[in-house]
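Subject: Structure handover

Hello,

Here is the structure I said I would pass on. Please look it over before you read the notes below it.

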Amino acid sequence: MSNPTIPPVTSASSDAASGLRRLRQFAAGEQAGAAWLGCLGALLITLGGLGAGSTRIQDPVLDSLHLSWLRFGHGLVLSSVLLWAGVAVMLVAWLGLGRRVIEGTVSTYTLIATTGFWLAPLLLSVPVFSRDTYSYLAQGALLRDGFDPYQVGPVDNPNPLLDDVSPIWAATTAPYGPAFILVAKLVTMLVGNNVVAGTMVLRLCMLPGLALLIWAAPRVAARVGGSAPAALFLAVLNPLVIIHLMGGVHNEMLMVGLVLAGIALTLERRHLAGITLVALAAAVKATAAIALPFLVWVWMRRLREPRGSARLDEGEPKLEPRHEPRGSARLDEGEPKLEPRLEHRGSARLDEGEPKLEPRLEPRGYPTVVAFAAATAVSTAIVVAVFAVLSALAGVGLGWLTALLAGNVKIINWLTVPTAAANLIHAVGGLFAPVNFYAVLHITRISGVAVIGLALPVLWWRSRRDDRAAVAGIAWAMLVVVLFVPAALPWYYTWPLAVAATLVRSPTAIAAIAAASTWIMVIFKPDGSHGMYTWLHVIGATGCAVYAWRRLSQAQPAPELDAA
């Protein structure tokens, strides 16, 4: 009788077992303190959200559990205390991690694993700090039921999903691209008009965006001279991302993940894949298209390089040993050496310590004009192809472009320069003479659009120098757009945040971005309204931002960050 054979353990199962073992060791170790603390904060947010979050108008789930009292009176007070306590706990955990990032005592793995701990409870939460998810579902139902969401608003398709849509969006056509409208349609096809199931599934659809952000942020940081831990701390673990984008279920999560992954691939010379991902991001939300002209510079520079030459890594030319002729420059313990007796004419030589290639060994790169034209043409073709395919699948046209500003003009808050300026002029000028607020607002918003139109070409032209300049140009361009569009919401600031996080190394810059993120995150209320017209709320948000700044600015930076 033959002996039974034991099937070999597959590499995938071995890797999974190893990963789980490492995760268990992490969870039981000292490094997991911030992970567990943030998890507690997320759990409190989830519990408090049942009553104080962006809940449904009529919630049969809470009624069936006899928990509807959490939404009124003392129950609402209790829910609010729990939710804000959770936000405070998560902020404390996040800032504690930030100190360790600045001090250089936290690993990339710790930051990635911590993300999972903080996210897990929020996957079961009601939407918090925003009611947008209800609009997403209603817009998906429009396409599902044969309507064009770029021509009509949710109000034209009465169904149970419409009940929870904010009045400001009920009659507004969808301002999102065909990719996201397709996602929303598929969700409503799967769950029907079930709001609870639709919210949970839609949140799961945002997870690929978060995964792409986790994958791409360290890679981009490595390419542009940033810090991988700082990038993960600011772009992934930031409560503005975890609480607003994931807890609030915003399609920005998909958009910023796709954009940063596209930037990473483009910097790694996978230009076709990179531009395609950015085009997909623009098909989720049009803002992503801002990155495309800047990535054309990156591609153009690659095309100008001698074909077959050594690649650029952080701006320094390097030789690949397997392609060197005998007698060429070699690296021995970091020092280039020549072997004179084996050297061939035309081989690489050392001049003042820098390796150089003789031009006649390799074909020259494309001229600048040709390289720019080729990169622009191919990028444009990719964008057109992506939108053509997605629009055909969704059965819609480009009507969403006309809806981009339709909803924004209805939003009035202090988060953009034009609206803030109009508020100040109205408040101060009204002390001396009657001021028509909406007339002033119209002028300031037109001025803001003009600023965007003037600033973006300048930023684009100045970013042509190298990869870091191109990525910085994307971050600045997105920040200018957010600051000067007619109106913005807190999660809009994740557009520049995700890109800028890959660039920073200075402890001062990390502290400043963390403080600004804290203020923007806290200034909104859990039910989706904002507190910018309530002095107590503004003072509280400002106090949190000051605390964030002081907590991080007092950290002792690691040598590499201190030098930056």
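Thr-518 sits in helix α21, which covers residues 507–522. Its relative accessibility is 2%, so Thr-518 counts as buried. Beyond its neighbours up to four places away in sequence, Thr-518 touches Leu-91, Trp-94, Cys-544, Ala-545 and Ala-548. Please keep in mind that this is a predicted model.

Two of those partners come up again. Trp-94 is among the residues with the most contacts inside the largest nonpolar core. Cys-544 has a relative accessible area of 29% and is therefore partly exposed, as it lies between the 20% and 50% limits.

Overall picture

The protein has 564 residues, and buried residues make up 50% of them. It contains 23 helices and 6 strands. Of the contacts between residues at least 6 apart in sequence, 74% join residues at least 24 apart.

Cysteines

A disulfide is a covalent bond between the sulfur atoms of two cysteines. Searching the whole structure gives 0 disulfides.

The core

In soluble globular proteins, nonpolar side chains tend to be buried together. Here the largest nonpolar core has 153 residues. The residues with the most contacts inside this core are Trp-94, Trp-118, Leu-234, Met-253 and Ile-263. Helix α12, residues 252–267, gives the most to the core, with 12 residues.

What does Met-253 contact, leaving aside its neighbours within four places in sequence? The list is Met-206, Gly-209, Leu-210, Leu-213, Val-241, Leu-245 and Met-246.

Val-241 and Leu-245 are also touched by Thr-494, together with Leu-240, Glu-252 and Val-256; residues up to four places away in sequence are not counted. Thr-494 belongs to helix α20, residues 494–500. With a relative accessibility of 2%, which is under the 20% limit, Thr-494 is classed as buried.

Packing of α12 against α14

Two packed helices are described by the angle between their axes and the distance between the axes. For α12 and helix α14 (residues 291–304), the angle is about 10 degrees and the axes are 10 Å apart. An angle under 35 degrees counts as roughly parallel, so α12 and α14 are described that way. On the α12 side the contact is made by Val-259, Ile-263, Thr-266 and Leu-267, and on the α14 side by Ala-291, Leu-295, Val-298 and Arg-302. Sorted by class, this contact has 6 nonpolar, 1 polar and 1 charged residues.

Arg-302

Is Arg-302 buried or exposed? Arg-302 counts as buried, because its relative accessibility is 10%. This arginine lies in helix α14. Apart from residues up to four places away in sequence, Arg-302 touches Leu-267, Arg-269, His-271 and Asp-467. Arg-302 and Arg-269 are 33 residues apart in sequence, with a C-alpha to C-alpha distance of 7.7 Å.

Leu-390

Leu-390 is in helix α15, residues 368–394. At 13% relative accessibility, Leu-390 is counted as buried. From Leu-390 to Ile-181 the separation is 209 residues in sequence and 9.7 Å in space, C-alpha to C-alpha.

Positive phi values

Two loop residues may be worth a look on the backbone side.

- His-66 is not a glycine, yet its phi is positive, near 60 degrees. His-66 is in the loop between α3 (60–64) and α4 (73–103). Its relative accessible area is 65%, so His-66 is exposed.
- Phe-129 is likewise not a glycine and has a positive phi of about 65 degrees. Phe-129 is in the loop between α5 (108–122) and α6 (132–144). Phe-129 counts as buried because its relative accessibility is 0%.

That is the end of my notes.

Regards

Conventions:
Residues are numbered from 1 along each chain as its sequence is written. This is a predicted model: local features need pLDDT of at least 70, side-chain atom pairs count only at pLDDT 80 or more; totals for chains, interfaces and linings use all residues. Side-chain values use heavy atoms; hydrogens and water are left out. A nonpolar core is a set of buried Ala, Val, Leu, Ile, Met, Phe, Trp, Tyr and Cys residues joined through side-chain atoms within 4.5 Å. Buried means under 20% relative accessible area, exposed over 50%, partly exposed in between (1.4 Å probe, protein chains only). Helices (H or I, at least four residues) and strands (E, at least two) are DSSP runs, numbered from the N terminus. Contact means heavy atoms within 4.5 Å. A disulfide is a pair of cysteine sulfur atoms within 2.5 Å. Axes are lines fitted to C-alpha atoms, for helices over the stretch in contact, and angles run from 0 to 180 degrees between N-to-C directions. Angles under 35 degrees count as roughly parallel, over 145 as roughly antiparallel, 65 to 115 as roughly perpendicular and the rest as oblique. Ala, Val, Leu, Ile, Met, Phe, Trp, Tyr, Cys and Pro count as nonpolar, Asp, Glu, Lys and Arg as charged, and the others, Gly among them, as polar.
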